[in-house]
Amino acid sequence: MSSTRGARAGVATIWFVTAAEPLAVLTAEPGHDRGFGRKYLALLDPRLTVAPIGDFPLNRSAPAGAGEFYIGGFDGLAVVQTVLEDVSQLSELPQRYLRGIAATDVYAFSSDPATGFGAFAHWRAGELKRAFSATRFTIIEDIGVPEIFEGDFWAGRRKPEVADDGSGDRSGGTAAGAAVPRRGVAMPFVPAELSDAAALGWLGFDPADPGPDIPVSAFAVDGRR
């Protein structure tokens, strides 16, 4: 099911997985491979002006900014992170982002802890198996059968620590005397947290964990030098 929505720009992280144990690939301490990233971008759009801007661990850096790609390619595992104009329905991710890297399974994630928005999607052998995205008050898309890691969230066992008042502010506070419009019944969990759980459930490790490192090469495609 899905609902009408407007475009939502955000950071998307796409994982391409063939290895049986992705974590084992990273614990083997692979190095940076700028050539892999350049090849991916050339297939994405040969007209792009590509400038390397650094090599670093993805899990120890700020997310990619507008006009940037963070790319890591390893034996049986690859990751691409960039800002997209619309991450509200990852099932509609343009195919050009998914091609060029051979993989049995492709996973895409996007979340915004500040607002609670979260989205994730899974393709196996090119076929969409699961896609979900939501804000605290609206399910934007819900395709396929829920995964095991979703159970606690839907059962209400992963409720937000701070009650959401409908303002979009998850701090729990409002300005003195300010009237806060309610948007209806909130979901029993924060979608951004479910997106994080999806990454852990599908990949077998938390991509935000400080170790092992996830080496990526960063590129700018917005014309900067």
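Which residues lie nearest the centre of the largest pocket, and how many residues line it? The largest pocket is lined by 28 residues, and Thr13, Pro63, Gln81, Ser111 and Asp196 lie nearest its centre. The structure is a predicted model, in which local features need pLDDT of at least 70 and side-chain atom pairs count only at pLDDT 80 or more, while totals for chains, interfaces and linings use all residues. Residues are numbered from 1 along each chain as its sequence is written, and side-chain values use heavy atoms, with hydrogens and water left out.

A pocket is an open set of points on a 1 Å grid over the protein atoms alone, where a 1.4 Å probe fits, with protein on both sides within 12 Å along at least five of seven lines; lining residues have an atom within 4 Å of a point. The volume of the largest pocket is about 710 Å³. Two or more lining residues come from each of S1, S5 and H4, and H4 gives the most, with 5 residues. The lining comprises 14 nonpolar, 8 polar and 6 charged residues.

Thr13 belongs to strand S1 (residues 10–17); strands are DSSP runs of E with at least two residues, and helices are runs of H or I with at least four. Beyond neighbours within four places in sequence, the contacts of Thr13 are Val79, Val80, Gln81, Tyr107, Ala108 and Phe109, a contact being heavy atoms within 4.5 Å.

Helix H4 (residues 191–203) has 13 residues, and its end C-alpha atoms are 18 Å apart, in agreement with the span of 18 Å that should follow at 1.5 Å a residue. The expected span is 1.5 Å times one less than the number of residues. Buried residues of H4 include Pro191, Leu194, Ser195 and Trp202. Among the elements covering the buried residues of H4 are S1, helix H1 (22–27) and strand S5 (105–112). Gly204, which follows H4, has a positive phi, near 90°.

The second largest pocket has a volume of about 390 Å³. Its lining has 22 residues, with Val83, Leu84, Glu85, Arg96 and Tyr97 nearest the centre. S4 supplies the largest share of this lining, 3 residues.

Methods. Buried < 20%, exposed > 50% of the residue type's maximum accessible area, 1.4 Å probe, protein only. Points joined across faces, edges and corners; volume = space filled by probe spheres on them. Nonpolar A, V, L, I, M, F, W, Y, C, P; charged D, E, K, R; others polar.
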